[in-house]
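Colleague: I have just opened this one and would like a walk through it. Can we start with the terms and then go place by place?

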Amino acid sequence: MRLLVIDTATQALSVALLEDGTPIGRFHDIVGRGHAEALLPAIAALPDGGRADAIAVDVGPGSFTGVRIGIAAARALALAWNVPLQGFSAPSIIAAQAAIDHGDGPLIVTITGGHGELFWQGFSADGRTEHAAIRSTPIAELARHIDTPVIYGTGAEALVTERGTGTAITLYPDASAWPLIETLPGLPPSPIYGRGADAKTMAERALP
C-alpha cells in the first residue's frame, strides 16, 4: 500500500510517498510562503507522480494559507484518484519527532501564529498523548506560564527568547515521519485554525 503525506501547515513544504510505511520518495524544504507554487511540482517529482492508495494531510494549526493549500490539493488528488483521505495535526507530528530525543517530563510543542501569538499544545514524554487542547496564546503571556525547560516547534525560539531561559529546538513537520503517528486516530480533512480568521465579512465589520 502506498500513502502520500502532504504537509504545508508551517514554513516548511514537506511531502512523502510511503510504501508499507517506508518512505520511497520525499521532498522537504523551508519555502516560507511559496507553498502554492511548489506543492504540485514536489508531488509530481515523487515516484509515479506521487500516486498513492491513500492520502494524509496536515490540517493545522499553522499558516492559514498553508493549511488551506495543503487540504485543497489533498482533496483534489483524493477525488481524482478515488482514494481515502485523512487529516493529522501539526503539533502531533512535531511531538512525535521531538519524542525521539526528548527524555522525561512533559513535551511542549509551539507553532508560529499571528499577531504575536503562538499555537501550542502539551504532550506526554513519548509524544503520543495530548495533555491539553491546541491553544493560541500571546507569547508574553505564554512565557509567564510555561516553564518546561525544552521547547519544540517553529515557535520555540520566540518563546525561549521571551522567557530568557530554556532550550529551543526548532522543528518543522516532516511528512516522512508519518510512521511515528500512523496508529493515532485520523482527523477529518478540515482545517484546524486554532483561532479566528483575520479577515471579516462586511456584516461582521458592521457589528458594533
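Modeller: Buried means under 20% relative accessible area, exposed means over 50%, and partly exposed is in between, with a 1.4 Å probe and protein chains only. This is a predicted model, in which local features need pLDDT of at least 70, side-chain atom pairs count only at pLDDT 80 or more, and totals for chains, interfaces and linings use all residues. Residues are numbered from 1 along each chain as its sequence is written, and side-chain values use heavy atoms, with hydrogens and water left out.

Colleague: What is the mean pLDDT of the protein chain?

Modeller: The mean is 93, and 93% of the residues reach 70 or more. pLDDT is the predictor's confidence in each residue, from 0 to 100.

Colleague: And where does pLDDT stay under 50?

Modeller: Over residues 197–208. For that stretch the model has 5 contacts beyond four places in sequence, a contact being heavy atoms within 4.5 Å.

Colleague: Let's take serine 89. Is it buried or exposed?

Modeller: Serine 89 is buried, at a relative accessible area of 6%. Its place is the loop between E5 and helix H3 (90–102). Helices (H or I, at least four residues) and strands (E, at least two) are DSSP runs, numbered from the N terminus.

Colleague: Which residues is serine 89 in contact with, leaving aside neighbours within four places in sequence?

Modeller: Asp58, Gly60 and Leu187. Glycine 60 has something of its own to show: a cis peptide bond joins glycine 60 to proline 61, with omega about 0°. Proline 61 sits in the loop between E4 and H2.

Colleague: On to pockets. What counts as one?

Modeller: On a 1 Å grid over the protein atoms alone, a pocket is an open set of points with protein on both sides within 12 Å along at least five of seven lines, whereas a cavity is a set where a 1.4 Å probe fits but cannot get out. Lining residues have an atom within 4 Å of a point. Grid points are joined across faces, edges and corners, and a volume is the space filled by probe spheres set on the points.

Colleague: What volume does the largest pocket have, and how many residues line it?

Modeller: Its volume is about 450 Å³. The lining of the largest pocket has 21 residues, and Arg33, Gly62, Ser63, Phe64 and Thr65 lie nearest the centre. Helix H1 (35–44), helix H2 (64–81) and strand E6 (107–112) are the elements that give two or more residues to that lining. The largest share, 4 residues, comes from H2.

Colleague: How does that lining split by class?

Modeller: There are 6 nonpolar, 12 polar and 3 charged residues in the lining of the largest pocket. Ala, Val, Leu, Ile, Met, Phe, Trp, Tyr, Cys and Pro count as nonpolar, Asp, Glu, Lys and Arg as charged, and the others, Gly among them, as polar.

Colleague: Which residues lie nearest the centre of the second largest pocket?

Modeller: Ser89, Ser92, Glu130, Leu184 and Pro185, out of 19 lining residues. The largest share of its lining, 3 residues, comes from E5. By class, that lining has 8 nonpolar, 8 polar and 3 charged residues.

Colleague: How many salt bridges does the structure hold?

Modeller: It holds 3. A salt bridge is a side-chain nitrogen of Lys or Arg within 4 Å of a carboxyl oxygen of Asp or Glu. Arginine 2 forms one with glutamate 19, the closest N and O atoms being 2.8 Å apart. Arginine 2 lies in strand E1 (residues 2–7) and glutamate 19 in strand E2 (residues 12–19), so the pair ties together parts 17 residues apart in sequence.

Colleague: What else does arginine 2 form a salt bridge with?

Modeller: Aspartate 48, with the closest N and O atoms 2.5 Å apart. Aspartate 48 is in the loop between H1 and strand E4 (54–58), 46 residues away from arginine 2. Aspartate 48 is exposed at 59%, while glutamate 19 is partly exposed at 33%.

Colleague: Which aspartate does arginine 26 pair with?

Modeller: Aspartate 174, at 2.8 Å between the closest N and O atoms. Arginine 26 is partly exposed, at 46%, and aspartate 174 counts as buried, at 14%.
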